[in-house]
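Please look at the sequence and the three-dimensional structure shown here before reading on. The report is intended to be read alongside them.

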Amino acid sequence: MPNVSPAGPPMAASPLTVAVLEIDAYASTLGWDQPARLFALVDTARLRVQEPALATQLGLDDAASTTASLTPIEQDELPAGTALDEFLGTIAWPDAVVGCAMTVERLMLPPSAEASVPEGLSDKKLTQWVAKHPDRQEVRMTVAVLRDGARESAVRLREKDSPTEVLTGAGLVPGLAEALAATFES
């Protein structure tokens, strides 16, 4: 069952949930109409030991400075004009990366609108049709996966853009979670 997060992560939140909500909060500071963003997730304690200079640069040099056990590190901007699935198919993570996450904005329709979708539309025409639909919702989705298969997602509606209105759950965006998980397959 998805949860609506309070002002901070739920008290019993897993490290992955905390990381997803941290990334969602970061993305919210950037505003809407942003490109997709990719993050590596690394073990915070391991980062402090193996990369102390980077840990200092990220403000993680003091064990008291963070209780998060996963640290998200934003990657370079995604190449313009490349389809998301094609781009994700090119990624290979080093062993130090225990997971990855992505934020992406999309237009979505409620399930009640599915019956009215015209048949036979190309992807481009379908995107245009959805963009003009009166019930469309703009959403920002943050999805994270770990090498061990754990998944978490956060979904924020543009019309309810508040940290108290973020929906979380492991199965909210299964397609993107699958695509991210595939970046860890050998």
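## Confidence in the model

The structure is a predicted model. The mean pLDDT of the protein chain is 83, and 88% of its residues reach 70 or more. Over residues 1-7, however, the pLDDT is below 50, and this stretch has 20 contacts in the model beyond near neighbours in sequence. Where pLDDT is low, the predicted coordinates should not be read in detail.

## Overall organisation

The protein chain contains 6 helices and 7 strands. In sequence order, these elements follow the pattern β-α-β-α-α-β-α-β-α-β-β-β-α.

Of the 186 residues in the protein chain, 35% are buried. The chain exposes about 10700 Å², and carbon and sulfur atoms supply 54% of this area.

In soluble globular proteins, nonpolar side chains tend to be buried together. In this model the largest nonpolar core has 25 residues, and those with the most contacts inside it are L38, L88, W93, M102, L176 and L180. Two or more residues of this core come from each of β2 (37-43), α4 (84-88), β4 (97-108), β5 (137-146) and α6 (174-182). A second, separate core has 13 residues, including L21, L70, A101 and L146.

Which residues does L176 touch, not counting those up to four places away in sequence? They are L84, L88, M102, V104 and V143.

## Helix α1

Helix α1 covers residues 15-29, and its length can be checked by a simple calculation. The expected span is 1.5 Å times one less than the number of residues. For the 15 residues of α1 this gives 21 Å, and the end C-alpha atoms are 21 Å apart, which agrees.

The buried residues of α1 are L16, T17, A19, V20, L21, I23, D24 and A27. An α-helix has 3.6 residues a turn, so residues three or four places apart point the same way. The buried residues of α1 pack against β2, β3 (70-74), β4, β5, β6 (151-157) and β7 (167-169).

## After α1: G31 and D33

Just after α1, G31 takes a positive phi of about 85°. D33, found in the loop between α1 and β2, also has a positive phi, of about 60°, although D33 is not a glycine. Most residues other than glycine have a negative phi.

Is D33 buried or exposed? With a relative accessible area of 57%, D33 is exposed, because the cut-off for exposed is over 50%.

R140 lies in strand β5. At 2% relative accessibility R140 counts as buried, since buried means under 20%. A polar atom of the R140 side chain lies 3.1 Å from the backbone oxygen of G31. Leaving aside neighbours within four places in sequence, R140 is in contact with several residues, among them D24, A27, S28, G31 and W32, as well as V104, E105 and A154.

P163 is placed in the loop between β6 and β7. Its relative accessible area of 43% makes P163 partly exposed. Although P163 and L21 are 142 residues apart along the chain, their C-alpha atoms are separated by 8.8 Å.

Terms used
Residues numbered from 1 in each chain as written. Predicted model: local features only at pLDDT ≥ 70, side-chain atom pairs only at ≥ 80, totals over all residues. Heavy atoms only, no water. pLDDT = per-residue confidence, 0-100. Contact = heavy atoms within 4.5 Å. Core = buried A, V, L, I, M, F, W, Y, C linked by side-chain atoms within 4.5 Å. Buried < 20%, exposed > 50% of the residue type's maximum accessible area, 1.4 Å probe, protein only. Helix = DSSP H or I, 4+ residues; strand = E, 2+ residues; numbered from the N terminus. Polar contact = N/O pair within 3.5 Å; in protein donor to acceptor, adjacent residues only side chain to side chain. Areas by Shrake-Rupley, 256 points an atom, 1.4 Å probe, with all protein chains shown as cover.
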